[in-house]
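Subject: Structure for you to look at

Hello,

Here is the structure I promised to hand over. Please open it first, then read my notes below with the model beside you.

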2 protein chains.
Amino acid sequence: MKRLLLASAIALALAPSPALADTLFENVDGISITPEGKVKRFAAMVVNDEGRITELLDFGDGPEGKVDYLEDMKGAHVVPGFIDSHAHVMGLGLGTMTLDLSQTRSLEEALALIADYAAKYPERPWLLGHGWNQEQWGLGRYPTAAELDAVVGDRPVWLSRIDGHAGWANSAALAAAEITAQTRDPAGGRILRLGNGRQPAGVLIDAAMAPVDQAVPPPLPEDREQALFAAQKIFFEHGITAVADMGTSLADWMSYRRAGDAGWLQMRIMAYAGDLEEMLLIGGTGPTLWLYDDKLRMGGIKVWLDGALGSRGARLKTGYADDPANLGIDVTSGTQLRNIMSRAALDDFQVAIHAIGDAANDEALAAIDELAAEYPGERRWRIEHAQIVDPADIARFGQHGVIASMQPVHMASDRLMAEVRVGPDRLAGAYAWRSLADAGALLAFGSDAPVEPVDVLAGLATAISRQDAAGEPAGGWMPEQRVTREQALAAYTAAGAYAGYAEGRFGSLQVGERADFVVLDNDPLLTSPEELRTTRVLQTWVAGRRVFPAQ
Amino acid sequence: MKRLLLASAIALALAPSPALADTLFENVDGISITPEGKVKRFAAMVVNDEGRITELLDFGDGPEGKVDYLEDMKGAHVVPGFIDSHAHVMGLGLGTMTLDLSQTRSLEEALALIADYAAKYPERPWLLGHGWNQEQWGLGRYPTAAELDAVVGDRPVWLSRIDGHAGWANSAALAAAEITAQTRDPAGGRILRLGNGRQPAGVLIDAAMAPVDQAVPPPLPEDREQALFAAQKIFFEHGITAVADMGTSLADWMSYRRAGDAGWLQMRIMAYAGDLEEMLLIGGTGPTLWLYDDKLRMGGIKVWLDGALGSRGARLKTGYADDPANLGIDVTSGTQLRNIMSRAALDDFQVAIHAIGDAANDEALAAIDELAAEYPGERRWRIEHAQIVDPADIARFGQHGVIASMQPVHMASDRLMAEVRVGPDRLAGAYAWRSLADAGALLAFGSDAPVEPVDVLAGLATAISRQDAAGEPAGGWMPEQRVTREQALAAYTAAGAYAGYAEGRFGSLQVGERADFVVLDNDPLLTSPEELRTTRVLQTWVAGRRVFPAQ
C-alpha cells in the first residue's frame, strides 16, 4: 500500500541522517576509571551530538571518525563527573530556603540568628531551619523549647539537627503537632522531657519528629521548583553530575519529572523511593526506564533500619558507652525489612538499607543473606552508611555483591562523637573503608547532603588521609582504613554509577558513555590531601555540554 | 573557545537536516472541520515525519513541497480522529478485566453469570463486576446481598451499577467494608436498608460505596498496564484517537506516563485530576506540558457536584417525581466547589464540573459566574453531563465561554428513566443539546465509558435523530433538540480538542495539526441516522501512522 518514490529514496540514502555534530575535546589531561579503580589516561576525546564518547585518544593520535567542532581544553585536568552516592536532592534544595545554623558556635549565636530570621520573614507562617549541633556549641545538653520561645513566641519554629535525626521545636510548634506531657514516645522515637516531669523539653528524636514534620505546611510547588534548581546548581558547582537520591518522595519525583519534561533537569538522579507504596506507584512492574537521556531513573527503595549515632538512634549490639541502657532505635523491624526487601526484589527493584549501628548492619547483612537465597542473581544490595560495623561482620560484606555506600566526611565530623558514643573498644569496625573494600564490598562514596556539605574534594582528601579539614588527627584516625587515591576517585565516580545500575551510561569516561566530566585545577591522583582540599572545580560538563560555569 | 571546522560547517549547511520523510495521502474524500462545525473538503494531504499536516490539497492539485512516500487511500471517507470528551480510560480498561453484567435481562440471568464467573476464577480474592441495571431486569426494586450470598458466599462480591453511582455487595463485601446496621449514611451517600430495620440491604448509593471501594485490593501494576492497553485498543477500534479522562487518579497518571516512557502510549489523553491534591502533585505550578508528542497532558480537575439520575443522586431544584422528599445528593458543597475552582484557577488549571440535576447545573453556573469575575480571561469552564437543566438557566450557558460536555447516548439510554425521575414538566431542558448550542455553549460530545459503550457512530446518530438504536421514539424524543450533522461531528472532534486546550495540535485535520484521522465506509455528513449506526470504522490513524487495524 505504501511505496517509496525512487528519487526520494536516493536522497534519503545519501543524506547524512540524522545530521549529528561531533566535537573533539583536545589538549586534555584526562582520567578514565573503572569501578575497581583501574585508571587509563587520555589526551583527547570525541563526543557525538548525543553527548556520548565515541573515541578516547592518546597523545599524538588523531580521531578516526569525522569531527565537526574543536574544543581546546588547554591541558585541563579532566576526571569523570563526580557521583554523590547518597544525598537528598530536594532536602538540599529546600534547605537553601531555610535558616542555616550549621556555622553557629554557641546557643546564643544561634538564638540571635533565629531572631534576625524571624524579623526578616514576618509573613512566613512557620520558621524552618537546620544544621544546629549542640556538640559544636559545647552545650553539654540539648537546647529547649523555652529558649526558642524567648526569641520567637508568635509562631511555630522547627529546626532540624545537623544529622537530620533530631528536631528542636518551640512551644508553638509542639502545640501545632499536639505533643504534650500526655504524648507517649512513639516506636522508633523519643520525646526528650524536662527534668522535672513528663513535659516535652523541645527536642524530638527520630520517629518522634514526625508529628511536627506533618504539621509543617508542605512547600508550595513553586518553592519545590526553586529548590530543585538551587540543588542542581550546588551539585554542579562541586563537580557532581549524578546523585543517588535516597528516599525520593512522590512529590520529589514529580518535581524531577516536571523539570525533565520542561528540559531543565541537567543533573542525573538515581532515585530510591521513600516507601514501598511510592516505589510501586512510580515504577509499576519494576524500575522505571532511564528517562530524559539518562537523567532520571527510579531504581528501587531506601529502607531505614535505624537512626543516627549523634542522637543515639543507631542500633548497637550492646548499649551506648555514654548511655548503657540504650540500644538505639528500631526504625524498621527485621520482619518488616524482609517483607520490604522481598516485595522489592520480586520485581527487580534495588534495595538500599540505611544501617548505622553494628546491630543494624548485622541485621541488614543477615537479611541480605536470606533474600539472596530467595532472589538469586545480581541484586546489588546496598547498605547505606555502614558506619559502625562489628569487625566480625566485615567479611560478610564480601558476599552477595554488597555495595557499601559510605560518606567519608562523616568520619571527620563524627569521630570524636563516635568515640564517646560507642567507646574505643568498638571502633575497629568504624568507618572501615579499607577493610570493607578488602573484604570485597564495592565502595560508593557520597555526602549525605544536606546533612554534610556537598564537597567531593574534601571527601577525597578525607578518604586518603583519615584526617579532617584541620589535618587532625596527625597521621590520621585509624590510618589503616585509608584508601588509595584511585579507590577514592572510583568510589566517587564509576563505582557510584555501578551502584545505581548506570555503568555504561556515565561515570567512567569510557567509549559509549556520556561525556560527564569535571575540570580541576590539580590532578587528584598526584596531589597531597592538603592540596586536594584547596583544589577547585573549574568546570563541570554533562553529556558534552558545560553546565558550570553556566553558559 | 569552541570553533567550527570549516569543512564540517559546509557539510552541515548542505545536509538536509534533519532528514524527514513526507508522505502524500492521496485519493482521499476528506473532511476537516472547525469547533463551530465549519466544514472543508479535501482530496489529499501531506504529512511530515512528526505526523503533522503540512498541506491540504483540493482535487487535481499537487503538493508544493517535496514528497517521499505515497499512500493511496483509494477514495476513502476520512474524518478527523474522534475525540471522546468524557470517558474513564482506566475504568474502561479495568472493566474489561471484570464481569460484564450489562447484557443481562433478569436478576436470575445475572446470578447465573456470577456463579459461573466465581467458578472460573477460584483464585481471585474478590469478584468484581459492573453493568447491572435493575430497570433493565424489570425488577422494580434493587437486588439484595442475600441474593448474591446464595451464589457466592465464600468471598466478597462487588458489582457496580451501569451508571457507576450504585454498587451491589454480598455479605462478605459488606463485612470487609465494615458496613453494619450501626453504620450511618455518609454525607453524599445512602445505604439501602432492609424493610424490616437498619440492616444493610446490599446496595450502596454514591458516597456510601466508598468503604467497599476502599476495601477492594487495588489492581496490581501489571493489571493496570494490561487495562490501559485494552482501553487504547477499544478506543482505536471505534475511531477514537483522543480522550478527556475525567477523574484521573495518581495511579492512572503513573500508568499513562509509564506507557508514554516506554513508547506504547499511542492515544491522546487529556487528563483531569480526581482531586486537588493529585492535581497539584502532578501539575505543580500549572497544567503539565503536552508530553510525548501531544499524547498526554494534565490540564485541570474534575469536580463532582452531584450523583446520577438513575440512583436519584442528581441534585434537583424540587423533589424527584418518583420520590418527592428526595432532592438528590450534594457530593461537593457550594463552598467546597468554589474553593476548589479558586485554587485551580489561581494556577490556570481548567475546571470540569460534573452536574447532572437542574440544581447542580444552577449551582455550577452560579459558581462559574462568580469565579469568572475573580479570574477573568479565557478559562474554558466545563460542565460535564448537564443533563437536566432548568430552561431558565439555559441562556447562562452562553456566558463565560462555558463548554457543555455531554453524552448523546445518555439521552437514548435514560430518557424513559428520566421521564419517571423528573416528570414531564421538567424535561424541556433535558439533554437540551440544541438549546445549549443556540445559547452559545460549545458542545463537546463523549461516551462516559465505561458507563456507556464507546460508540461514536451511535452517538452521532442519536445526536441528529434523538432516537435510540431501535429508532425509538418515532420522529425523535424532543426532536427540536437535534443538532446538525456538522454540529455533531464537530462536537466529537474539533470542539473536543478545543475543550481540552488542544486546538492547533489535533482534532480538525488542518495544516499544522497532527494527522489523526478515521477511515469510515460512509460519509457521515451525507448518511441517514440508520446508516450511521451501521457505518464501520475501517481504519484509525494517529499522527500519520495507522493504529487500527494494528500494523
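A nonpolar core is a set of buried Ala, Val, Leu, Ile, Met, Phe, Trp, Tyr and Cys residues joined through C-beta atoms within 7 Å. Keep that in mind for the first point. Note also that this is a predicted model.

The core

Which residues touch the most other members of the largest nonpolar core? They are Leu443(A) and Leu443(B), and that core holds 342 residues. Take the copy in chain A. Leaving aside residues up to four places away in sequence, Leu443(A) touches Ala404(A), Met406(A), Trp433(A), Leu436(A), Ala437(A), Gln487(A), Ala491(A) and Ala495(A).

The sheet in chain A

Six strands of chain A make an open sheet. Their order is β8-β9-β10-β11-β13-β12, with mixed pairing. The edge strands are β8 (99-100) and β12, and each pairs on one side only.

Now look at β13(A), residues 200-206. Of its 7 residues, 6 are buried, so the strand is largely enclosed by the rest of the structure. Strand β11(A), residues 166-169, is joined to β13(A) by 3 bridges, and the two run antiparallel. There, Ala166(A) stands opposite Ile205(A). Strand β12(A), residues 189-193, is joined to β13(A) by 4 bridges, also antiparallel. In that pair, Arg193(A) stands opposite Pro200(A). A hairpin of 6 residues joins β12(A) to β13(A).

Helix α3 in chain B

Move to chain B. Helix α3(B) covers residues 107-120, which is 14 residues. From first C-alpha to last it reaches 20 Å, close to the 20 Å expected at 1.5 Å a residue.

Which residues of α3(B) are buried? They are Ala110(B), Ile114(B) and Tyr117(B). These three cover an arc of only 65° around the axis, which puts them on the same side of α3(B). The face turned away from that buried side carries the exposed residues Glu108(B), Asp116(B) and Ala119(B). What do the buried residues pack against? They pack against β7 (99-100), β8 (127-132) and β9 (157-161) of chain B.

Two glutamates in loops

Glu64(A) sits in the loop between β5 (53-57) and β6 (69-80) of chain A. Is Glu64(A) buried or exposed? Glu64(A) is exposed, because it has 10 other C-beta atoms within 10 Å, and exposed means 12 or fewer. Its C-alpha atom is 9.4 Å from that of Val46(A), 18 residues apart along the chain.

Glu513(B) also lies in a loop, between α16 (494-499) and β20 (517-520) of chain B. Glu513(B) is buried, because it has 23 other C-beta atoms within 10 Å, and buried means 20 or more. Leaving aside residues up to four places away in sequence, Glu513(B) touches Arg52(B), Ile53(B), Gly504(B), Arg505(B), Phe506(B), Gly507(B) and Ser508(B). Tyr121(B) is 392 residues from Glu513(B) along the chain, and their C-alpha atoms are separated by 46 Å.

Best wishes

Conventions
Residues are numbered from 1 along each chain as its sequence is written. Chains are lettered from A and ligands numbered from 1 in the order in which they are written. This is a predicted model: local features need pLDDT of at least 70, side-chain atom pairs count only at pLDDT 80 or more; totals for chains, interfaces and linings use all residues. Two residues are in contact if their C-beta atoms, placed from the backbone, lie within 7 Å. The expected span of a helix is 1.5 Å times one less than its number of residues. The arc is that of the directions from the helix axis to the C-beta atoms. Two strands pair if DSSP finds at least two bridges between them.
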